[in-house]
Amino acid sequence: MPRTFQGGCSCGAVRYRLNSEPMFVHCCHCRVCQRQTGSAFVINALIETDRITLSSGVPEPVAMGTDSGRPHDIYRCPSCMVALWSDYGRRAMRFVRVGTLDDPTGIEPDVHIFTRSKLPWIRLPDSARAFEVYYDTKKEWPAESLERRRAILG
């Protein structure tokens with residue numbers, strides 16, 4: 001049986017379930033993520049949109065700017081405004097905020113990205129796969145995750 005993860009916003013109006021393990025997990029240290037979260041980094045679990053089941057409420061998309069100019073919607077609870085996931089113009093894949101899971105300890109980052117803008121007091125584990133900017137997906141993602149990605153992106 002696949003492992004599932006429950007999560008939701010702070011006020012409880014929006015609740016969701018991830019119906020499988022994510023494809024890959026980023027810990028992003030870019031300045032945009034720092035600004036948008038008010039934190040030193042964000043941890044995003046990349047998963048197919050159809051593997052997210054809403055059990056209550058409906059998050060609302062909020063369009064955000066990006067350095068690349070590509071579309072980026074952050075889905076927030078309409079009541080408490082907590083960011084639950086992002087959609088970077090790839091409607092078939094979401095970047096779920098791991099901090100909104102009931103048990104965020106169950107998912108660890110596969111990579112640390114945009115470490116060129118990592119705050120200097122953040123210490124990464126010696127074993128961390130870290131990249132100044134981004135990485136080569138074909139080299140870093142496990143074969144099963146690459147297959148899942150191919151299935152949704154074509």
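These are my notebook entries on one predicted protein model.

**Entry 1: the whole chain**

I started with the overall build. The chain has three helices and ten strands. I then read along the sequence and wrote down the pattern β-β-β-α-β-β-β-β-β-β-β-α-α.

Next I looked up the dimensions. The C-alpha trace spans about 40 × 35 × 30 Å along its principal axes. I also checked the radius of gyration. A compact globule of 154 residues would have a value near 15 Å, and the chain has 15 Å, so the two agree.

I noted how much of the chain is covered. Buried residues make up 41% of the 154 residues. The accessible surface comes to about 8400 Å², and carbon and sulfur atoms account for 51% of that surface.

Then I turned to contacts. I took those with a separation of 6 or more, and 54% of them are between residues 24 or more positions apart.

**Entry 2: the sheet**

In what order do the strands of the open sheet stand? I traced seven strands and found β6-β7-β8-β9-β4-β3-β10. The pairing is mixed. I reminded myself of the background: strands of a sheet pair through backbone hydrogen bonds, either parallel or antiparallel.

Which strands stand at the edges? They are β6, residues 60–63, and β10. Each has a single partner strand, so one side of each is left without a neighbour in the sheet. I also looked up the twist, which averages 30° from one strand to the next.

In the strand order it stands between β8 and β4.

I took the β8 side first. Strand β8 covers residues 83–87. Two bridges join β8 to β9, and these strands run antiparallel. S86 stands opposite F95 in β9. W85 has V96 as its bridge partner in β9. The two strands form a hairpin with five residues between them. In the turn I found G89, which has a positive phi of about 75°.

Then I took the β4 side. Five bridges join β4 to β9, and this pair also runs antiparallel. Here L46 stands opposite F95.

Is β9 mostly covered or mostly open? It is mostly covered, with five of its five residues buried. I checked which way they point. M93, F95 and R97 point one way, while R94 and V96 point the other way. Residues on both sides are buried.

**Entry 3: salt bridges**

How many salt bridges does a search of the whole structure find? It finds nine. I followed up three of them.

The R15–D102 pair came up at 2.7 Å, N to O. It links distant parts of the chain, with its residues 87 apart. R15 is in strand β2, residues 15–18, and D102 is in the loop between β9 and β10. R15 has 24% relative accessibility, so it counts as partly exposed.

The E48–R148 pair also came up at 2.7 Å, N to O. This pair links distant parts of the chain too, 100 residues apart. E48 lies in strand β4, residues 42–48, and R148 lies in helix α3, residues 143–153. Are these two residues buried or exposed? The cut-off for buried is under 20% relative accessible area. E48 is at 2%, so it counts as buried. R148 is at 11%, so it counts as buried as well.

The D87–R94 pair came up at 3.7 Å, N to O. Both D87 and R94 are buried. I then looked for shared partners. Salt bridges that share partners join D73, D87, R91 and R94 into one network.

**Entry 4: back to D102**

I returned to D102, in the loop between β9 and β10. Its relative accessibility is 48%, so it counts as partly exposed.

What does D102 touch, not counting residues up to four places away in sequence? I listed Q6, G7, G8 and R15. R15 is also the salt-bridge partner of D102. Last, I checked R3, which is 99 residues from D102 along the chain. The C-alpha atoms of the two are separated by 14 Å.

Notes:
Residues are numbered from 1 along each chain as its sequence is written. This is a predicted model: local features need pLDDT of at least 70, side-chain atom pairs count only at pLDDT 80 or more; totals for chains, interfaces and linings use all residues. Side-chain values use heavy atoms; hydrogens and water are left out. A salt bridge is a side-chain nitrogen of Lys or Arg within 4 Å of a carboxyl oxygen of Asp or Glu. Helices (H or I, at least four residues) and strands (E, at least two) are DSSP runs, numbered from the N terminus. Buried means under 20% relative accessible area, exposed over 50%, partly exposed in between (1.4 Å probe, protein chains only). Two strands pair if DSSP finds at least two bridges between them. Axes are lines fitted to C-alpha atoms, for helices over the stretch in contact, and angles run from 0 to 180 degrees between N-to-C directions. The radius of gyration is taken over C-alpha atoms; the globule rule is 2.2 Å times the number of residues to the power 0.38. Contact means heavy atoms within 4.5 Å. Accessible areas come from the Shrake-Rupley method with a 1.4 Å probe; for residues, only the protein chains shown count as cover.
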